Amino acid sequence: MVKSRYYLASANTSAGFVNYFDYVLRDAQRVYIIKGGPGTGKSTFMRLIGEDLLKEGMSVDFVYCSADKDSLDAIVVNDLNVVIVDGTAPHVIDPKYPGAVERLLDFGEYWDIDYLRSRKEIIKFYIDEIENQYKSFFKHMKNAKGIHDKWEKEYLKGMDFKKADEITEKLINEVVRGRTHKKSKEWHRFAGAMTPQGQVCFYENLTQDIKNRYIVKGRPGTGKSTMTKKIAQAALNSGYDVEFYHCAFDPSSIDMIVIRELDFALLDGTAPHVFDPHGNDKLVDMFECINTEIVHEDKEPIKAIEQEYAEEIGKAKKIYSNIKQLHDELEKYYINAMDFNNVNALRIRITKTLLEMYKVIK
């Protein structure tokens with residue numbers, strides 16, 4: 001059994017900031033919600049606890065941040081149904097059952113408030129500038145989505161929907177066999193995202209123990225996401241649990257589904273998350289559904305649209321990188337203000353509590 005899985009619960013998309021933290025928290029019996037500014041050690045706190053629990057044999061999910069590929073937004077301790085989560089903006093999380101389920105960890109208790117107040121103006125500058133930069137970033141992402149829609153329409157002109165339906169039905173009959181006698185559950189997440197440091201994708205980690213992997217190849221508008229949704233719905237209707245991994249560019253689209261009870265995963269292996277079949281993987285080529293006498297992808301207008309899209313995404317990436325640099329500068333002030341000895345002491349206490357809980361159920 002895989003002891004640690006990696007994914008994201010939120011992303012900065014063409015539709016704005018989208019998060020699925022409700023699914024991270026849904027089954028939790030105990031939740032630690034961390035509050036505090038940037039640079040206060042929230043991610044390191046979670047990572048070190050997660051690594052310590054892994055060493056003791058527990059199963060831990062590491063939930064990454066799309067605004068910094070090296071940072072965590074949460075960890076999920078599966079053996080204990082415990083979640084430790086960053087509850088600060090943009091994914092603000094507050095207790096629903098204070099004390100009974102959730103406990104607040106206020107890292108603001110450990111900073112030098114006089115130091116931060118003495119640097120109020122520069123801190124306000126960075127926070128306001130980051131907010132303004134995000135407005136520009138999302139504008140370019142929205143523009144890129146409009147261009148991508150034009151790109152899809154060009155392929156739709158030559159799309160054989162009957163053939164796409166036949167491929168989908170064949171896969172459903174091949175994969176979704178039998179029924180369970182329980183109510184199915186679904187989870188919604190991101191398997192990867194565009195970050196300021198580049199594209200990240202956790203396909204391999206999330207599917208490494210899956211025997212039946214189907215890799216979908218195709219172009220915009222060739223029905224990859226539609227097919228994936230139909231297979232997922234057939235599995236849900238038959239009582240199987242489904243993990244949905246949304247596209248971090250267009251969250252209404254699905255990049256991957258994993259149905260662990262069927263030992264099955266279907267994933268979009270095209271750019272920007274290129275993933276090629278290997279071993280026993282099966283290829284599903286949706287480009288076969290395109291009439292190449294109608295669609296000429298090496299000619300205009302497709303070439304021009306593709307270039308226009310790349311340029312708009314490039315502008316968004318540049319701004320995203322600028323935001324990360326601003327955020328790094330902002331963090332320095334909070335790092336200088338923090339008493340990390342208290343943070344470390346709290347981490348040791350919580351780790352000890354969780355290890356004691358594990359001994360009881362082990």
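Which residues in α5 meet which residues in α7? The legends below, drawn from a predicted model, begin with this contact.

**Figure 1. Packing of helix α5 against helix α7.** Two packed helices are described by the angle between their axes and the distance between the axes. Here α5 spans residues 161-175 and α7 spans residues 224-237. Their axes are 10 Å apart and form an angle of about 30°. Angles under 35 degrees count as roughly parallel, and α5 and α7 are therefore roughly parallel to each other. The crossing of these two helices is right-handed.

**Figure 2. Residues at the contact of α5 with α7.** From α5, the residues taking part are Asp-165, Ile-167, Thr-168, Leu-171 and Ile-172. They meet Met-227, Lys-230, Ile-231 and Ala-234 of α7. By residue class, the contact comprises 6 nonpolar, 1 polar and 2 charged residues.

**Figure 3. The interface between domain 1 and domain 2.** The domain assignment of the chain gives domain 1 as 6-111 + 339-361 and domain 2 as 159-289. The C-alpha centres of the two domains lie 28 Å apart. In this interface, 21 residues of domain 1 are in contact with 23 residues of domain 2. The size of an interface is often given as the accessible area lost when the parts come together. Between domain 1 and domain 2, the buried area is about 1,800 Å², and carbon and sulfur atoms give 61% of this area. On the side of domain 1, Tyr-6, Leu-8 and Tyr-20 lose the most area to domain 2, and together they account for 31% of what that side buries.

Figure 4. Most residues other than glycine have a negative phi, and most peptide bonds are trans. Pro-90 is located in the loop between β7 (82-86) and β8 (102-106).

**Figure 5. Backbone of Asn-81, a residue with positive phi.** Although Asn-81 is not a glycine, its phi is positive, at about 55°. Asn-81 is placed in the loop between β6 (68-77) and β7.

Terms used. Residues are numbered from 1 along each chain as its sequence is written. This is a predicted model: local features need pLDDT of at least 70, side-chain atom pairs count only at pLDDT 80 or more; totals for chains, interfaces and linings use all residues. Side-chain values use heavy atoms; hydrogens and water are left out. Axes are lines fitted to C-alpha atoms, for helices over the stretch in contact, and angles run from 0 to 180 degrees between N-to-C directions. Helices (H or I, at least four residues) and strands (E, at least two) are DSSP runs, numbered from the N terminus. Angles under 35 degrees count as roughly parallel, over 145 as roughly antiparallel, 65 to 115 as roughly perpendicular and the rest as oblique. A crossing is left-handed if the near helix is turned anticlockwise from the far one by less than a right angle, and right-handed if clockwise. Contact means heavy atoms within 4.5 Å. Ala, Val, Leu, Ile, Met, Phe, Trp, Tyr, Cys and Pro count as nonpolar, Asp, Glu, Lys and Arg as charged, and the others, Gly among them, as polar. Domain bounds come from an automatic or database domain assignment. Buried area is the accessible area (1.4 Å probe) that two parts lose on being put together, summed over both.
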